[in-house]
Amino acid sequence: MRAAMTTALVCALLIAGCAREAPPEPVAPGEPGLDPVSGLKMTGDWELVRASCSHCHSTQLVIGQRGSAEQWLTMIRWMQDKQNLHNFAPSVEQKIIRYLAENYPPTASRRRAALPPDLMPPNPYAP
Ligand code: HEC
């Protein structure tokens, strides 16, 4: 009897634990919240971007990228050229690009500088 009650209690706790929603991602004060579905910053025209940019690939591909308005436009043109992305009405395209450039602007490169030659291991292919 006792074992059955313990089992029932453990099961109830497990089920309750699984049903709990993941806590929202922490954001810095003053920063917009993140959409739990797409990860997009919930500000400005984010819903337009979610609707326009999530049916071919994950929005993780979008939010992992950075660029100026010009660079975002180049990416969109590349997708239109090579990946079957449809054209947007100019006013819609402008909103998408403004949102992307304001929220995912270029950042300093995170790659370290190349090592100076005297710190490099010997190159086995050097002539
Ligand atoms: C018609 C389908 C389609 C739609 C809609 C689409 N994309 Fe893409 N996108 C692609 C494909 C295909 C790739 C290449 C995927 C890969 O490399 O795995 C890609 C790649 C990307 C990349 C990665 C580029 C790189 O340099 O690696 C970014 C950023 C991106 N898309 C942003 C967007 C944004 C922003 C939108 C909305 C304006 C959007 N995509 C809408 C098809 C689409």
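Me: Helices here are DSSP runs of H or I with at least four residues, and strands are runs of E with at least two, numbered from the N terminus. Which residue takes a positive phi just after H4?

Reply: That is Asn84, with a phi of about 70°. This is a predicted model, where local features need pLDDT of at least 70, side-chain atom pairs count only at pLDDT 80 or more, and totals for chains, interfaces and linings use all residues. Residues are numbered from 1 along each chain as its sequence is written.

Me: What span should H4 have, and what span does it have?

Reply: The rule is 1.5 Å times one less than the number of residues. For the 14 residues of H4 that gives 20 Å, and its end C-alpha atoms lie 20 Å apart, so the two agree.

Me: Why are H4 and H5 called oblique?

Reply: Their axes (lines fitted to C-alpha atoms over the stretch in contact, with angles from 0 to 180 degrees between N-to-C directions) come within 9 Å and cross at roughly 125°. Under 35 degrees is roughly parallel, over 145 roughly antiparallel, 65 to 115 roughly perpendicular, and the rest oblique. H4 and H5 are therefore oblique to each other.

Me: Which residues of H4 and H5 meet?

Reply: Ala69, Trp72 and Leu73 of H4 meet Ile97, Leu100 and Ala101 of H5 (C-beta atoms, placed from the backbone, within 7 Å). This contact has 6 nonpolar residues, no polar and no charged ones. Nonpolar means Ala, Val, Leu, Ile, Met, Phe, Trp, Tyr, Cys and Pro; charged means Asp, Glu, Lys and Arg; the others, Gly among them, are polar.

Me: Why do H2 and H5 get another word, roughly perpendicular?

Reply: The axes of H2 and H5 cross at roughly 105° and come within 9 Å, so this pair is roughly perpendicular. Among the residues in contact are Trp46 and Ser52 of H2 and Lys95 and Tyr99 of H5. By class there are 7 nonpolar, 1 polar and 1 charged.

Terms used. Two residues are in contact if their C-beta atoms, placed from the backbone, lie within 7 Å.
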